[in-house]
Amino acid sequence: MEMPAKKGGLGQLARRTFREQIVEALRTSIISGVLPPGAQIVESEMALTFGVSRGPLREALGDLIKEGLLVTVPYTGTHVVDLSLDEVNEIFSLRTELEIFAFRQVWENRDEAYFAELNARHDRLLASIASGDDESSIVDELGLHSHVYEACGHSLLLSVWNGLRGKLQLYWAAHHRAHGRRGPLPEGHKRYVELAQGDDLDAMIEEIRDHMVRGFSKTETFLRARENLK
């Protein structure tokens, strides 16, 4: 299996950051499709690929399991998560209501620091899109949407959101492939960010609902076709 050399290329891992660099390299491989949905992770092969012992490798795999990108199944081993269409529908119906709830919690407490961080995260996303780096744009899109959960002061809500992060990354990767592009559209979050700094909560809620389903029909067709090939 050929893994991407970018972002901490294999064979070049600094000893003090084995775990972090393995996580980053594997995450990139999963999001890019080098490690496709359902692919098995064989520890002995991965240890040789990275040139490390199984200790830091297992720690890295544990991080990716918590992130929701990998899953361990008894008697079959560790695999890249393979999202079904039903799972995607469930995730997005839940995510819509979670994000609306998060904005209701934070709305009256937004301040200049909140707006500055929101714009900084949007700028990072736009820079990733402009560079054509799909993996980074997915991470930065996740960071943009994470802002409201981190800022609303609801620890249980943040925990639930964090539990969805891995599957959202997998969905966005499929979404981009279905639309034949590298990353989201540059203007895709413009209205979202503008309304998140405005005074009309109802308009923000309407945008969230619209934002979640935008372009979903083509992705749904893509995922259904992939399921039919199994």
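This is a predicted model: local features need pLDDT of at least 70, side-chain atom pairs count only at pLDDT 80 or more; totals for chains, interfaces and linings use all residues.
Residues are numbered from 1 along each chain as its sequence is written, and side-chain values use heavy atoms, with hydrogens and water left out.

Together with F103 and Y192, W107 belongs to a cluster linked by ring pairs. Rings of Phe, Tyr and Trp (for Trp, its six-membered ring) pair if their centres lie within 6.5 Å; planes under 30 degrees apart are stacked, over 60 edge-to-face, and the rest tilted. The structure has four aromatic pairs. One of them joins Y114 and F115 edge-to-face, at 5.8 Å centre to centre and 75 degrees between the planes. Are these two residues buried or exposed? Y114 has a relative accessible area of 5%, so it is buried, and F115 counts as buried too because its relative accessibility is 16%. The cut-offs are under 20% relative accessible area for buried, over 50% for exposed, and partly exposed in between, using a 1.4 Å probe and protein chains only.

Next, the helices. Helices (H or I, at least four residues) and strands (E, at least two) are DSSP runs, numbered from the N terminus. Helix α4 covers residues 85-106 and packs with helix α9 (residues 201-213) at an angle of about 160 degrees, the axes being 10 Å apart. That angle is why α4 counts as roughly antiparallel to α9. Helix α4 also packs with helix α7 (residues 155-178), at about 135 degrees and with the axes 10 Å apart, so α4 and α7 are oblique to each other. Axes here are lines fitted to C-alpha atoms, for helices over the stretch in contact, and angles run from 0 to 180 degrees between N-to-C directions. Under 35 degrees is roughly parallel, over 145 roughly antiparallel, 65 to 115 roughly perpendicular, and the rest oblique.

Now for the strands. Three of them make an open sheet in the order β1-β3-β2, with antiparallel pairing. The edge strands, each pairing on one side only, are β1 (40-41) and β2 (70-73). To pair, two strands need at least two bridges found between them by DSSP. β1 and β3 (residues 77-80) have two bridges, and I41 has T78 of β3 as its bridge partner. On the β2 side, four bridges join that strand to β3, and T72 stands opposite T78. Three residues lie between the strands of the β2 and β3 hairpin, where Y75 takes a positive phi near 75 degrees.

Last stop: E24, in helix α1 (residues 18-32). E24 counts as partly exposed because its relative accessibility is 35%. E24 and L64 are 40 residues apart in sequence, yet 9.5 Å apart in space, C-alpha to C-alpha.
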